[in-house]
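Hi everyone, thanks for making time today. I'd like to walk you through a structure that may be new to you, so let's bring it up on the screen.

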Amino acid sequence: MRFLILLATLMLVAAPASHAGQLKPFATDGCSMWVDGPPNSPNLWRGCCVAHDRDYWLGGTETQRKASDERLRACVASTGDQGMGSYLYVNVRWGGSPFWMTPYRWGYGWDYMEGDKPRGYREPSVQELVQIEALLPLAEVTLKADAL
């Protein structure tokens with residue numbers, strides 16, 4: 001796991017810098033660093049994870065992140081696998097911090113750094129809300145297409 005975090009950090013550092021304060025288009029990989037379902041139903045939890053990715057893409061407050069993680073746990077549990085819901089919950093609580101320099105961290109749609117410090121937890125500014133409103137419809141299209 002440490003190797004993967006180091007690799008993700010190096011990829012972010014080597015990537016060309018985008019404009020600070022600019023929301024990147026929504027992207028998802030399903031259940032990041034995990035399978036999207038069991039072998040007999042390989043996409044069983046994927047929809048739960050993609051909806052969770054939407055929240056993580058936008059970021060926000062620590063309270064909003066906890067609520068998103070709890071929705072992921074409940075969604076996966078509703079597929080009949082309460083143990084997997086708890087397992088994913090524990091892992092996203094640990095691995096999804098906005099202070100990890102990973103492509104699946106809380107607020108991954110925004111640059112990791114804001115000036116000389118990490119973005120961390122915070123409400124979007126008025127200018128950022130405008131960007132969210134502009135890109136959210138495209139994110140919803142991606143969510144619907146992924147569900148197919």
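Let's begin with a covalent link: cysteine 48 and cysteine 75 are joined by a disulfide, with 2.1 Å from S to S. Please keep in mind that this is a predicted model. This pair ties together distant parts of the chain, since cysteine 48 sits in helix H2 and cysteine 75 in helix H3, 27 residues apart. The torsion about the S-S bond is -75 degrees, and the link of cysteine 48 and cysteine 75 is left-handed.

Are these two cysteines buried or exposed? Cysteine 48 has a relative accessible area of 7%, so it counts as buried. Cysteine 75 comes out at 29%, so it is partly exposed.

How many disulfides turn up when the whole structure is searched? The answer is two. The other bond is between cysteine 31 and cysteine 49, whose sulfur atoms lie 2.0 Å apart. It too links distant parts of the chain: cysteine 31 belongs to the loop between helix H1 (2-14) and H2, while cysteine 49 is in helix H2, and 18 residues separate them. Here the torsion about the S-S bond is about 85 degrees, so this disulfide is right-handed. Both cysteine 31 and cysteine 49 are buried. If you number the bonded cysteines in sequence order, the pairing reads 1-3, 2-4.

While we're in that loop, have a look at methionine 33, which is also placed between H1 and H2. Its phi is near 65 degrees, a positive value in a residue other than glycine. Most residues other than glycine have a negative phi. Methionine 33 has a relative accessible area of 43%, so it is partly exposed.

Now for the inside. In soluble globular proteins, nonpolar side chains tend to be buried together. The largest nonpolar core in this model has 22 residues, and the members touching the most others are Leu23, Phe26, Trp57, Leu72 and Val76. Helices H2 (46-58), H3 (62-77), H4 (82-95) and H5 (126-147) are the elements that each give two or more residues to this core. Which of them gives the most? That is H2, with six residues.

Leucine 23 touches Trp57, Leu58, Gly109, Trp110, Gln131, Ile132 and Leu135, leaving aside residues up to four places away in sequence.

Notes: Residues are numbered from 1 along each chain as its sequence is written. This is a predicted model: local features need pLDDT of at least 70, side-chain atom pairs count only at pLDDT 80 or more; totals for chains, interfaces and linings use all residues. Side-chain values use heavy atoms; hydrogens and water are left out. A nonpolar core is a set of buried Ala, Val, Leu, Ile, Met, Phe, Trp, Tyr and Cys residues joined through side-chain atoms within 4.5 Å. Buried means under 20% relative accessible area, exposed over 50%, partly exposed in between (1.4 Å probe, protein chains only). Helices (H or I, at least four residues) and strands (E, at least two) are DSSP runs, numbered from the N terminus. Contact means heavy atoms within 4.5 Å. A disulfide is a pair of cysteine sulfur atoms within 2.5 Å.
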